[in-house]
Amino acid sequence: MTPHTRLLAAALALGLPLCATLPDALRAQTAIPPTGGEAAATPALLVADSVYVESGNRLIAQGNVEALQDGTRLTASRIVYDQEADSLQIEGPIRITDASGNLMLAESAELEEGLRNGILSGARMVMNEQLQLAAVEARRAEGRFTQLSRVAVSSCQVCGKEEVPLWSIRAQRVVHDEEAKQIYFEGAQLRVLDVPVFWVPSMRLPDPTLKRTRGFLIPTFRSSTLLGFGVKLPYFVPIGEHQDVTLTPYISPVTKTLEARYRRAFARGDLELNGALTRDTLTDDTTRGYLFAEGTFGLRNEFQLDLDLKMVSDEAYLNDYDYEDLDRLGSTIELSRARSDDLLRFGLSHYQSLRASEKDEELPSWIFDGSYEKRFFPDRIGGELRLGTELHGHYRTSDEDIIGRDVARLTAEASWRKRWTLAGGIRMGWTNSLWFDRYDYSQDSSSDSDVSRVMGSTAVELRWPLIRRGADGARTLLEPVAQYALVGGTRVNIVSDESTRVEFDEGNLLSLSRFPAADRREHGQSVAAGLRWLHEAPDGWRAGMTVGRVWQADVDEDFSRSSGLDSSLSDWLIAAGFSNDAGLTISARGLLGGITDFNKAEARVDWSNARIDLGASYLLLVQDPDEDRDETQSEWSLDGSYRFARNWTSSAEWRYDLADQRLDRAGLGLQYRNECVQVDFSVTRKYASSSNLEPSTDFGLSVALTGFGTTDSAKEYRRTCK
């Protein structure tokens, strides 16, 4: 581009008379800023192979022409600017890209200066590289509206003139509001493989760049043996920038249900409510429903408030409508503060049982917990000093003796621990603890109304971490551990309401008490020993294993069979894990009573990569009357998805009760997705294992036309035309 041409372009940008001499134009470029209106408009920049003036008021640019203004970029073969008419006549092929990334193609155009208003012939819009709108003519007005006539809309890619899109919308008139990011259709006809299937006089859809707006979402079709064939049609309502409501009517011959979700984001927290109200013919109740609430809020002075609330009208409702797979509902409100040297927590919980074998009035349905722990690091004696206190209470609504027992507990604790490094790299630790517990019982004639006890303990721990580094970068840790502990104190008649289930694992192998709560503590002497192995390979895989066992001089009678601690020599604790960079993760844990006799075992395998997302688990719990388990429980479960082709993904879920030798739940799913459509089909069979639940088979179908603001982008599914 010659200096002459550049100065003519600068004159156009600054709005100067085109008959100005070159020195005048140069002086104007450096001295006269653009003005006009409340805010000055950004000047246009014009670049071309050649630019010349004709008849004193017509500037002609031709050859690789580019014009830029306010984030809008135009390319064409020739532009004629008429200063008197203040218009641009453009010859194609024309390509206009706005600041949002939307693309407009046309054969020819007549636009006003600024590229914001005018007429384009043979126009085609491409929005967010997804949605395509082809029209005979397009008119731009007020800088924000694009009106298209005789339009075909689709996000499907078409290769060749003979190919038709999978779906398209034909309309007499389409208006795109760039500011509101909405697309308005008049006389719209939905076509599948160019066959008309649906017609509406008018409709509104969000453009692909819009994240949230009022309107209907993707409908779901569901067929159930319990509820019959029904349709869910969600309607989304934004309330300002930080909250929204989604209302979903669910209609079938059996039910009339309104589902609702409310979300709100605060400056230091968030809240979400989910619920439903139902009238159906499954029960005699006139109205059924549920309400779940979750929220997290950051408060002043580093406090955090967490809430998780759940309530339901009856035991079978969540299962009938497949909202949640729960047999107990736990609601909690917790206020906490965690800092480097102290932890404060207050929590209130409520439990509602959905099991046919349990009565809510006989369960501790209301539970309060409050605790505070402070850490000190005294210079004189060294080590770490911890002081803590805990207040606990639970309440049963029953007034019957023993069955309706209510409990309150106050616990105070002080502990001091210190670590040393001995010769050969051996690590030694010494821990001393003192506990005071106070209990108050009501509605229980079999126990004292108030009980107090004081207990103390001392423990010595040894660890010998042996580390090896290979020449290839591999790292291996082998660490034998051992602990001797002595716990003393008075034995009193304390009812075990909290510590009803004991988990013996690698996390508490060296603990002074393996009971989950303070209403039970271990007594006497004990020795714990174990071996920990870890390995990290240079090619990305990692593995670990822990083996341990405990010897107890005085076995607590409250240890159940499946705890692995009900004899002087405990079961072997075995835990192992493996992971690699290919997305495979394996974890397993068990308590081995004999060579092959597991009293408790669990395992989990997960494999996740670009094509597969698979999870499988196994659980074994032996018969244990102390844990209200009259027979052995064993279960396999599987869930996952596999993308077996570019556009096809299958999914499955399966849960099998090995003890009863029956299926508990099974499901299959199939998804087809390309650049313009997503279809999901699923079938699920639930086999009831309780007298208050009914078995059911559910079919689900949803179809989403991608390319609009309500659906995710599917650009990665776009084909390459040959």
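Trainee: How many helices and strands does the secondary structure of the protein hold?

Mentor: The protein has 3 helices and 42 strands. These are DSSP runs, numbered from the N terminus: a helix (H or I) needs at least four residues, and a strand (E) at least two. The model is a predicted one, in which local features need pLDDT of at least 70 and side-chain atom pairs count only at pLDDT 80 or more, while totals for chains, interfaces and linings use all residues. Residues are numbered from 1 along each chain as its sequence is written, and side-chain values use heavy atoms, with hydrogens and water left out.

Trainee: What share of the residues counts as buried?

Mentor: Of the 722 residues, 39% are buried. The word means under 20% relative accessible area; exposed means over 50%, and partly exposed lies in between (1.4 Å probe, protein chains only).

Trainee: Why is the pair Cys156 and Cys676 called a disulfide?

Mentor: A disulfide is a pair of cysteine sulfur atoms within 2.5 Å. The sulfur atoms of Cys156 and Cys676 are 2.0 Å apart, so the pair meets the definition. The structure holds 1 disulfide.

Trainee: Which parts of the chain does this pair tie together?

Mentor: Cys156 lies in the loop between strand E10 (145–154) and strand E11 (167–177), and Cys676 in the loop between strand E40 (662–673) and strand E41 (677–686), so the parts joined are 520 residues apart in sequence.

Trainee: Why is the disulfide called right-handed?

Mentor: The torsion about the S-S bond of Cys156 and Cys676 is about 85°, and therefore the disulfide is right-handed.

Trainee: Are the two cysteines, Cys156 and Cys676, buried or exposed?

Mentor: Cys156 has a relative accessible area of 5%, so it is buried. Cys676 stands at 0% and therefore counts as buried.

Trainee: What makes the phi of Glu302 and of Asp628 worth noting?

Mentor: Most residues other than glycine have a negative phi. Glu302, which is not a glycine, has a positive phi of about 70°, and Asp628, not a glycine either, has a positive phi of about 55°. Glu302 lies in the loop between strand E21 (288–298) and strand E22 (304–312); its relative accessible area is 51%, so Glu302 is exposed. Asp628, in the loop between E37 and E38, has 65% and is therefore exposed.

Trainee: Why is Arg629 called buried?

Mentor: Arg629 is found in the loop between strand E37 (612–621) and strand E38 (633–642). Its relative accessibility is 6%, so Arg629 counts as buried. Leaving aside neighbours within four places in sequence, its contacts (heavy atoms within 4.5 Å) include Ser562, Leu621 and Asp624.

Trainee: How do you know whether Phe708 is buried or exposed?

Mentor: Phe708, in the segment after strand E42 (696–705), has a relative accessible area of 6%, so it is buried. Not counting residues up to four places away in sequence, Phe708 touches several residues, among them Leu131, Trp167 and Pro208. Phe708 and Ile183 are 525 residues apart in sequence and 9.6 Å apart in space, C-alpha to C-alpha.
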